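This briefing is intended to be read alongside the sequence and the three-dimensional structure.

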Amino acid sequence: GSAALRCFCYGCLFTSVTWTLLLFIYFNFSEESVRHVSVKGLEPYRPFPKKSYPRLSDGANKGRAGDPIGNFVETNGNFSPEMGMIFNEQDQDVRDVGYQKHAFNMLISNRLGYHRDVPDTRDPKCAKKIYPTELPLASIVICFYNEAFSALLRTVHSVLDRTAPNLLREIILVDDDSDLDDLKKPLDDYIKENLPNKVKLVRNKQRQGLIRGRMVGASHATGDVLVFLDSHCEVNEMWLQPLLSPIKENRKTVVCPVIDIISADTLIYSSSPVVRGGFNWGLHFKWDPVPLSELGGPDGFTAPFRSPTMAGGLFAMDREYFNTLGQYDSGMDIWGGENLEISFRIWMCGGSLLIVPCSRVGHIFRKRRPYGSPGGHDTMAHNSLRLAHVWMDDYKEQYFALRPELRNRDFGDISERLALRNRLNCKTFKWYLDNIYPEMQISGPNAKAQPPVFVNRGQKRPKILQRGRLINMQTNRCLVAQGHPSQKGGLVVAKDCDFNDSDQIWTYNEEHELILSNLLCLDMSETRSSDPPRLMKCHGSGGSQQWVFGKNNRLYQVSVGQCLKLTDSLSHKGYVAMAICDGSPAQQWHLDN
Ligand code: LR7
Ligand code: MN
């Protein structure tokens, strides 16, 4: 569903009064207070020793109260999908509040802790590459607003744990005036007590949005290269050298890692396909396959390749070049559009934008943005208008054709950005389309930054592990559709088994999907674990449709952390619901053919 992935609509009423106000806020950089800014040279930081990270099995969950029947599984340090298991009300709260506030599974995020290994998703050839020992120093800039504490700290520690210390000048955290309590004193304390003083924290006194927020971060940086990351990332093995090395060769080269996928529901880190950035005329970013002509050369598929646009959150750029190229448009607010703006600007004004397949960084992709903007403005529309008016020449008509209501919308003063375009002697948008993005076609405005999809995932059917009736062991009844199994959103109930009825047959596949009658997937609403499971279109991305058969014949749902239970074994209605796993007969199921 692309509709669910579209940006929020804030209903934009942008008066010039608020506009002036925001500009005023921006030009008052004295507003932000700076802490931990003293960089005492480059003291070596001892990375957390690999393979000794605190694990779930070492932590609070092992043999914990509320787990009399051994729900917790020894994972031997490996990730288990049962890591989201709910034991009590407190767990339930962490999960539910987490989804509300962050739109990902905070229970699992907290249990993972601040350090973990991630699978090395690089092409094996990458490990054999040799990079210059002398590379520019990196300043990592991480801007955050109301980030989950554990996700933020895992981002920071992943950098410290997997970056050669001699390449890391500093990590600059920019708190964009978050209002979560644990991001205040507890974060100050954690930084003071546990992090090297290469880690600095800057706080905006007023919410600036990620665009001006990054500019604040960059203004404090002292390294040669700025590396921007979102606040819910985990960097992979040898991620930095492959980014720094093309910049060393040419300081007008801007580079992005391949953005691996960290599931919002399970926090599982998985490899992303190698794709490149594009956009549509609605000015939404999208992923495109890489044309064969861009790949190859002596390095084959591991060589950096050109990308028309960047996703926005994860890239590295020479610090001086960032400044001479005009940083960002400070008239852009909160979220959206800046990624296309900087992409167009890089290409049109003499730079180049590459994706580096040997550098991998994971990012938690969520299905909605959990925060709004002050005043509820549609900042994506506002920012897109600015970029269209500054950079797109007559092609902005393509945008207005799709968004006619924006044609006369106020977008503030862009004279400085027009002057910048002039001063840098930038090429036309037509040149950009002809030379950098010749694939551009007319298309609808409905692709948003969603995880890239392996191009042939559609054709590749997951392998079936088992097929049969799903029988509740307390009653020996079969789980079937309450209505017709093709009815989307329909409930499932336990009814008397009918061995002639093929509509009672489930298949269970390697994606952990449970599919009834080859039609729909058993699905749990991601945000409300109190809702009963329903039959929904299979989406193939795990989470709400991921089920695991575990100990005591339980049927565990990964993203809600609970087990399927027959709630009225006595009546003939046969209702089921999710409940804390307790090993009782009402929670025992087997798939039988
Ligand atoms: O007001 C805010 N202040 C902030 O500091 C709003 C957000 N932020 C922070 C936030 O905490 C996060 O660390 O800014 C960062 C990005 O915000 P997200 O994670 O909500 O954005 P996103 O991942 O949904 O959006 C993508 O597009 C954005 C457009 O403005 C930014 O460029 C994001 O950095 C970008 N993320 C990525 O490119 C990661 C890969 C996603 C894809 C495709
Ligand atoms: Mn993000």
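Helices (H or I, at least four residues) and strands (E, at least two) are DSSP runs, numbered from the N terminus. The model is predicted: local features need pLDDT of at least 70, side-chain atom pairs count only at pLDDT 80 or more, and totals for chains, interfaces and linings use all residues. Residues are numbered from 1 along each chain as its sequence is written, while chains are lettered from A and ligands numbered from 1 in the order in which they are written.

**Domains and core**

- The protein is divided into domain 1 (2–39 + 116–435) and domain 2 (464–592), with bounds that come from an automatic or database domain assignment.
- The centres of domain 1 and domain 2, taken over C-alpha atoms, are separated by 41 Å.
- A residue is termed buried if 20 or more other C-beta atoms lie within 10 Å of its own, exposed if 12 or fewer, and partly exposed in between, with C-beta atoms placed from the backbone.
- A nonpolar core is a set of buried Ala, Val, Leu, Ile, Met, Phe, Trp, Tyr and Cys residues joined through C-beta atoms within 7 Å.
- The largest nonpolar core has 144 residues, and Val 141, Leu 226, Val 227 and Ala 316 have the most contacts inside it.
- Strand β13 (residues 352–365) gives the most to this core, with eight residues.
- Both domain 1 and domain 2 give residues to this core, so it lies between them.
- Contact between two residues requires that their C-beta atoms, placed from the backbone, lie within 7 Å.
- Leaving aside residues up to four places away in sequence, Ala 316 touches Val 225, Leu 226, Val 227, Leu 243, Leu 244, Ile 247 and Val 255.

- The expected span of a helix is 1.5 Å times one less than its number of residues.
- Helix α5 (residues 149–162) reaches 20 Å from its first C-alpha to its last, close to the 20 Å expected, and 13 of its 14 residues are buried.
- Helix α11 (residues 379–391) reaches 18 Å between its first and last C-alpha, close to the 18 Å expected.
- Twelve of the 13 residues of α11 are buried, so this helix is largely enclosed by the rest of the structure.
- The buried residues of α11 pack against α7 (209–220), α10 (338–348), α12 (396–402), α13 (415–423) and α14 (429–435).

**Strands and sheets**

- Two strands pair if DSSP finds at least two bridges between them.
- An open sheet of four strands has the order β21-β22-β23-β24, with antiparallel pairing.
- Its edge strands, β21 (547–549) and β24 (576–579), each pair on one side only.
- Four bridges join β23 (residues 562–566) to β24, and Cys 563 stands opposite Ala 579 in β24.
- Strand β14 (residues 464–472) runs antiparallel to β25, to which four bridges join it; the bridge partner of Ile 471 in β25 is His 590.

**Positive phi angles**

- Most residues other than glycine have a negative phi.
- Asn 518 has a positive phi of about 60 degrees and is found in the loop between β18 (514–516) and β19 (520–523).
- Asn 553, in the loop between β21 and β22 (555–557), has a positive phi of about 55 degrees.
- Asn 553 counts as partly exposed because it has 17 C-beta neighbours inside 10 Å.
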